[in-house]
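User: Got a structure to walk through with me. Can we start with how a pair of helices packs?

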Amino acid sequence: MAPQRRKRPRFRSSRVAVVAAAVVASATLTAGLGFAAGPGVVRVVPPTPAATPVPAATPTTSVPPSAAPLPVPVRPTPSGSGPVRATPPAFGAFLDSGPLGVARMAQLSNWLGGTELKVAHTYLPGDRWSDIEGAPGFLDVWAHWRRERADRMLVLNVPMQERNEDGIGDGEVRSLLRQGAAGAFDQHFRALAERLVELRVPDTVVVLGWEMNGITYTHRCGPDPEAWKRYWNRIVATMRAVPGQKFRFDFTPSRGRDAVPWTECYPGDGTVDIIGMDSYDQPAGLSFDEQVREPYGLQQHVDFAKAHGKPISYPEWGLFRNGDDPEYMRRMLAWLDEHKPLYNTLTDYCPHGVWQCSANPRSSRIYRSELFGRTDTPTQSPTPTQSPTQSATQTPAPSPVPTPTAVVTASATPKPAVPPAPVPTATPAPDCTPMDLGDWVEYWLGGELCVGLDW
């Protein structure tokens, strides 16, 4: 695949000044500030910038209204002895890098008819080393969500360099990789590991130096693959040396050849626990079958992981260069069901997403229909009883036994009816100008604050 630059929205790091602003703002709520949430008022959520223009009506990127929860339908009991409907593989969605990403997970689950998201996915900012160390306040809410249930998973993308999206040239990248391989940055990754253990999330999945085969990030592999592999191995050894850790390290290139074959960057089985792949619907005009068959594509990813005895994952996937593409969505969901990755997380902002982005209604219907109303307890077909006309020598067919890897086709088990999806909107409250206090403050306040225009 030709190199494709794609940037995700940057997280606005919370600082003491922002928290102080929140205190002042909350104290003045009764003196004229409108709160953009609650009955009769539309919650204001700023749109996330699209990575590329979408040639359609202007999409909205916002949290769909969720004041009236969708009913969780009762799954019909199937007749006969068809296959058991399996629970979905561990999945989630990237909904925001900050605490709003946690808050939105419950809303997305509600939109999916109660299907629970088992995976939370966020990214450490790559601007400064202090951010890569896990600055106080950033990871706390994510860690709290993870600790609430034993079967949840926290996936954390960790940059290998600061100034990670600043367009650093190959020469400087090569020098930084060699410095890292020599141990110059060990203290930052030790601090991150200690922080995660302190937050009681020592089993975090660390997606280290993702999309290293591309050209976007300072932590890219291309300028010196050998130094990159030594640096990766050094980071993993440093983090694994911290007492109490149980980290799993996910090696995740982007699909296709990109700037360099990702196999040239593989650091070895001893430091890799999961082999992931970020796979978007791109380039323009490339069919799903071609995405499977292309060099370093989906099939080679599965084959490579199997040869190395590693589980696979898809930390990032979604729509991109081909617009609203329901065929891609249907085929990708089927691929996930077939190959059973350890986890997958859809990227859910425009142009990639299906819940927070209104530009992809057909793909949204496919995604929602496939995941709607699934629960932890599979529905087992009733055991058929012997009819009066059956011979005493006839033995009824045994009822199938559910297994964790059971896969059900669309026609095997009736699905619950999926109610129409609400149209996402991002309309400010009337006569109200939103105040940007940062994700952390907005999370604890339950939404954005806005200033009334009738003062």
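User: Which residues in H10 meet H11?
Analyst: This is a predicted model. In H10, Pro326, Met329, Arg330 and Leu333 make the contacts. Their partners in H11 are Arg362, Ser363, Ile366, Tyr367 and Glu370.

User: At what angle do the axes of H10 and H11 cross?
Analyst: Roughly 25°, and the axes come within 8 Å. Angles under 35 degrees count as roughly parallel, so H10 and H11 are roughly parallel to each other.

User: Is the crossing left-handed or right-handed?
Analyst: H10 passes H11 in a right-handed crossing.

User: Switching to the core. Which residues have the most contacts inside the largest nonpolar one?
Analyst: Phe189, Leu208, Phe251, Tyr314, Trp317 and Tyr367, in a core of 79 residues. Helix H7, residues 225-240, gives the most to this core, with 7 residues.

User: What does Leu208 touch, leaving aside neighbours within four places in sequence?
Analyst: Val158, Met160, Phe189, Trp232, Ile235, Val236, Phe249 and Asp250.

User: And which residues does the second core include?
Analyst: That separate core has 12 residues, among them Phe94, Val119, Val205 and Tyr349.

User: Now H6. Which of its residues are buried?
Analyst: Asp186, His188, Phe189, Leu192, Ala193, Arg195 and Leu196. They pack against helices H3, H4, H5 and H7, and against strands E4 and E5.

User: How far does H6 reach from its first C-alpha to its last?
Analyst: 18 Å over 13 residues, close to the 18 Å expected.

User: What follows H6?
Analyst: Arg200, with a positive phi near 65°.

Key. Residues are numbered from 1 along each chain as its sequence is written. This is a predicted model: local features need pLDDT of at least 70, side-chain atom pairs count only at pLDDT 80 or more; totals for chains, interfaces and linings use all residues. Side-chain values use heavy atoms; hydrogens and water are left out. A nonpolar core is a set of buried Ala, Val, Leu, Ile, Met, Phe, Trp, Tyr and Cys residues joined through side-chain atoms within 4.5 Å. Buried means under 20% relative accessible area, exposed over 50%, partly exposed in between (1.4 Å probe, protein chains only). Helices (H or I, at least four residues) and strands (E, at least two) are DSSP runs, numbered from the N terminus. Contact means heavy atoms within 4.5 Å. The expected span of a helix is 1.5 Å times one less than its number of residues. Axes are lines fitted to C-alpha atoms, for helices over the stretch in contact, and angles run from 0 to 180 degrees between N-to-C directions. Angles under 35 degrees count as roughly parallel, over 145 as roughly antiparallel, 65 to 115 as roughly perpendicular and the rest as oblique. A crossing is left-handed if the near helix is turned anticlockwise from the far one by less than a right angle, and right-handed if clockwise.
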